[in-house]
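Please find below some notes for a colleague who is meeting this structure for the first time.

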Amino acid sequence: MINLEELNPEQRTAVTTDERYVLVLAGAGSGKTKVLTTRMAWLIEQGIASPGGILAVTFTNKAAKEMLSRLSLQLPINTRAMWVGTFHGLCNRMLRSHYHDARLPQSFQIMDMQDQLSSIKRVLKLFNIDTEKYPPKEIQSFINNAKEKGARPSDLAPVDPMEAQSIELYHLYQQQCDKEGVVDFPELLLRCYELLRDHPAIREHYQRRFKHILIDEFQDTNNLQYKWLRILAGEQNCIFAVGDDDQSIYSFRGANVGNMEEFARQYAQGNIIRLEQNYRSYNHILHSANALIAENKDRLGKNLWTDRGHGEPLRVNELSTDREEAQWILEEAKSLINEGVDRKEIAVLYRSNAQSRAIEHAFFSAGIPYRVYGGLRFFERQEVKHVLAYLRLINNLDDDNSFLRVVNFPARGIGARTLENLTDAAQKIGCSLALAIGALNGASATKLAQFVGMIMTLKETAKVLTLPDLIQQVIHDTGIETFYQNEREGEERLENLQELVNAAQTFCIEESFESSSALEKVTIAANDDQAFPEQLSALDMFLSYASLEAGDNQAKYGEDAVQLMTVHAAKGLEFKVVFVAGLEEGLFPHENSLKTHGGLEEERRLMYVAITRAKERLYLSGAHERMLYGRSAYTTRSQFLEQIPDEHMKWLCPKTRSYSYSQANRVDTDAWQSAPTTTRKNPFQKGTSNLSSMGSGVQVKDQLFKVGSNVRHAKFGDGVIINLIGQGIEAQALIMFKGVGVKTLALGVAKLEVI
Ligand code: ATP
Ligand code: MG
């Protein structure tokens, strides 16, 4: 039962409105997210919408999870059928159901930004493009900007030869992605938008279904996301958007606060609800935030007040070095924990990822559990990415990025020359790398065949093993386990891999895949959505999850830990105690921002976001001398510290800054690297392999077939044996036929000739 009593009148109006278009425009901590969640529950409870008839866009996967768990506490409903997620997550879900109409393979893979960059580098190399003139990173942002505006290469008109070349590269890159069946992040959205735009039946289906569309953090949507929402809403459906222009912090990624203004003007006119009471923070914190943001010229303007009382003034400290700053944060955090504050109620926020290392080092050395969101992402660690690449290949052999990542990892004697030849052959035939191996000869062809054979064997295995068992098998059979066992710092990597198995285990339990094999497709459909059920396997879902939730899942599950994250990642969250570190000119505000129009105002909004995360206590700090990017440099105080009224601050050091340089304060670079070493047990002692039959020869009808043998078949033409399963007359061969693909043939039946 939903209790509307605890809401204030404006919040209640927002929750129960029957207007088609509504914009809740309100400052931090005023209950926008609460209103949005309560409205979802209210719509369901009142029978105005079914759980499957609601689509809600949140900012992070974490927020989506939290929303669903709150809903299931309030109402006895099956939240699995509900479409609540990030733009990327929701588009991914839609594309999985309509992969065919979206011109994608069923098991299409999602590339993260790093994979995308290596893909672009490959295209540049293949076409002999000068990377000095066309730096891969610039091409990457050219492509992503174009996609975020909804533009395909053919929609773009070049203004000069340079741009014409960039457009051509976009075209070539896209061709490559399509061939491999992979999509980058902006492609998820663009492809989904085009799917709805070009397929009336699908569009109308979803328009009929999602009568209520709700969006959190509306100020940070980009143009394409806005178009996607509009097309889904069509002429009939309701849009309920909540946002805060003072918290628009993603314009560097194409977010456009103008969307919110346009929506307000064109649609929600007269239905703009303002919330002014802040329920999150004490007065000192709130007034500091209000005073700071008032320095910005370009704002819609709003007032926030709270009746929570004054609380404590902000504690401000400047230390000699960034190491001392980190140490001070640690000491303060420790005493808070001793006083009984939960670790997860303490957040340390910073502007740049590079800052996290000093802070991590302090917490790590003191043995205080902490969790880093963003930056050092679990799913971005080398060893985890290697295993994920194997899993991607098992799911889709045509994924060339993954192929290249692991074909010679661990080393199998497959050199750069071989791969160049293979790339050429694939280019000529117009197929993926794996499919082209039949076109090569000699010893290197055998090695490649053995590699593909191993993947095919694992694919067979995946049909009978659960996902965690499959991952364990991959780690063992590919030689990754042995590789890291022999590497100097391999133990920690092996622990991370064990953590990956654990992650898969938890994932399968949460998504009810425990009893299915990794590749078994399960139908996931909302009760009222029989028309387009989704057919997904645990492996499909897990790989999407790994790509999409990279930032959300770094630490051990469920452990109470201090939260470390960038200010960007802290959006929408709240903590009892917040530290904001590195308040120095050039760092926060960041030097890059000073080069762009409106950059400083965006930095100030970011600082506003940082301050307003705190409920009870806020610490602000900086260092006189900082080590960044391998250099140590003197700093000056952030202007933001000057823009907060003194009455709200308590300085823990003399406010006058001393720049005297003492030897004792010098950053000791060696000490940075001397993280304590601990002995860990090998998590993979039990790993076994029982399926590999590679390398064994099979004699059938006087012919000796071996992995790597070139063979001829009357129908499929020439190919190479990539694996043999079973013995004698029963033996089966996996054969990669040139330009045809992999076929499994019974040696006793198929008329094969060794050539
Ligand atoms: P942000 O802009 O940072 O995303 P927000 O506007 O979404 O903030 P919420 O996170 O929804 O704000 O709410 C802030 C806090 O205030 C939450 O802890 C929420 O539970 C609480 N809150 C909101 N409205 C009320 C209310 N009417 N009574 C009591 N607590 C409330
Ligand atoms: Mg919110």
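Why does Ile167 count as buried?

1. Ile167 counts as buried because it has 21 C-beta neighbours inside 10 Å, where buried stands for 20 or more other C-beta atoms within 10 Å of a residue's own, exposed for 12 or fewer and partly exposed for what lies in between, with C-beta atoms placed from the backbone.

2. This is a predicted model, in which local features need pLDDT of at least 70 and side-chain atom pairs count only at pLDDT 80 or more, while totals for chains, interfaces and linings use all residues. Residues are numbered from 1 along each chain as its sequence is written, and chains are lettered from A and ligands numbered from 1 in the order in which they are written.

3. Ile167 lies in helix α7, residues 161-180 (helices are DSSP runs of H or I with at least four residues, strands runs of E with at least two, numbered from the N terminus). Apart from neighbours within four places in sequence, Ile167 is in contact with Pro153, Leu156 and Pro158, contact being C-beta atoms, placed from the backbone, within 7 Å.

4. Between the C-alpha atoms of Ile167 and Gly311, which are 144 residues apart along the chain, the separation is 56 Å.

5. Gly27 sits in the loop between β1 (21-25) and α2 (32-45), and counts as buried because 25 C-beta neighbours lie inside 10 Å. Not counting residues up to four places away in sequence, Gly27 touches Asp244, Asp246, Asn278, Lys302 and Leu304.

6. Gly31 is likewise found in the loop between β1 and α2, and its 22 C-beta neighbours inside 10 Å make it count as buried.

Key. Two residues are in contact if their C-beta atoms, placed from the backbone, lie within 7 Å.
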